[in-house]
Amino acid sequence: MKRVVITEVLPGMVLAKPVTNANGLPIISAGTTLDDAMIDRLKRLELTSVYVEGDAGTATGKTLAELEAELEHRFRRVIRDPLQQNILAALRLHLQQTHGVAGTEGEASTS
């Protein structure tokens with residue numbers, strides 16, 4: 001399950017959690033496959049995001065690949081600044097470590 005901002009919801013996605021109104025009453029049940037009409041309805045409800053089935057992400061609902069792409073995009077204008085590139089590398093390593101892809105900071109290198 002992952003959280004997707006409403007502007008990025010696509011037809012064919014399946015709700016992993018019910019959508020509820022301000023009183024907590026379900027208005028669209030979990031398991032509903034979204035189509036264009038349903039997405040328009042969600043936008044009219046002024047929701048910021050929904051939970052859909054898919055890869056487990058972070059607390060933000062994004063996968064590691066999505067987070068890395070977003071990070072690269074944010075640093076795209078400072079590609080020639082060595083200090084900013086060091087910060088980018090540290091953030092990329094942190095993302096990888098928190099997603100179990102890279103070793104942790106305390107691990108000794110064997111090379």
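Student: What pattern does the chain follow, read along the sequence?

Tutor: In this predicted model, the chain follows the pattern β-β-β-α-β-α-α. It contains three helices and four strands.

Student: What makes a run of residues count as a helix or a strand here?

Tutor: A helix is a DSSP run of at least four residues and a strand one of at least two. Strand S2 covers 19-20, so a run of this kind meets the strand limit of at least two.

Student: Why is H2 called roughly antiparallel to H3?

Tutor: Helix H2 (residues 64-74) and helix H3 (residues 82-98) pack at an angle of about 170°. Angles over 145 degrees count as roughly antiparallel, and that makes H2 roughly antiparallel to H3.

Student: Which residues of H2 and H3 meet, and into which classes do they divide?

Tutor: From H2 come Leu64, Leu67, Glu68, Leu71 and Glu72, which meet Leu88, Leu91, Arg92, Leu95 and Gln96 of H3. These residues divide into six nonpolar, one polar and three charged.

Student: How do you know that the buried residues of H2 line one face of the helix?

Tutor: The buried residues of H2 are Leu64, Leu67 and Leu71. Seen down the axis of H2, they fall within an arc of 65°, so they line one face. In general, an α-helix has 3.6 residues a turn, so residues three or four places apart point the same way. The buried residues of H2 pack against H3.

Student: What puts the buried residues of H1 on the same side of the helix?

Tutor: In helix H1 (residues 36-44), the buried residues are Met38, Ile39 and Leu42. They cover an arc of only 100° around the axis, and therefore lie on the same side of H1. Their cover includes strand S2 (19-20), strand S3 (26-28) and strand S4 (49-52).

Student: Why are residues on the other side of H1 called exposed, and which are they?

Tutor: They are Asp36, Ala37 and Arg44. The term exposed requires over 50% relative accessible area, whereas buried requires under 20%.

Student: How many residues does the chain have, and what share counts as buried?

Tutor: The chain has 111 residues, of which 23% count as buried. The chain exposes about 7,800 Å², with carbon and sulfur atoms supplying 53% of that area.

Notes:
Residues are numbered from 1 along each chain as its sequence is written. This is a predicted model: local features need pLDDT of at least 70, side-chain atom pairs count only at pLDDT 80 or more; totals for chains, interfaces and linings use all residues. Side-chain values use heavy atoms; hydrogens and water are left out. Axes are lines fitted to C-alpha atoms, for helices over the stretch in contact, and angles run from 0 to 180 degrees between N-to-C directions. Angles under 35 degrees count as roughly parallel, over 145 as roughly antiparallel, 65 to 115 as roughly perpendicular and the rest as oblique. Contact means heavy atoms within 4.5 Å. Ala, Val, Leu, Ile, Met, Phe, Trp, Tyr, Cys and Pro count as nonpolar, Asp, Glu, Lys and Arg as charged, and the others, Gly among them, as polar. Buried means under 20% relative accessible area, exposed over 50%, partly exposed in between (1.4 Å probe, protein chains only). Accessible areas come from the Shrake-Rupley method with a 1.4 Å probe; for residues, only the protein chains shown count as cover. The arc is that of the directions from the helix axis to the C-beta atoms.
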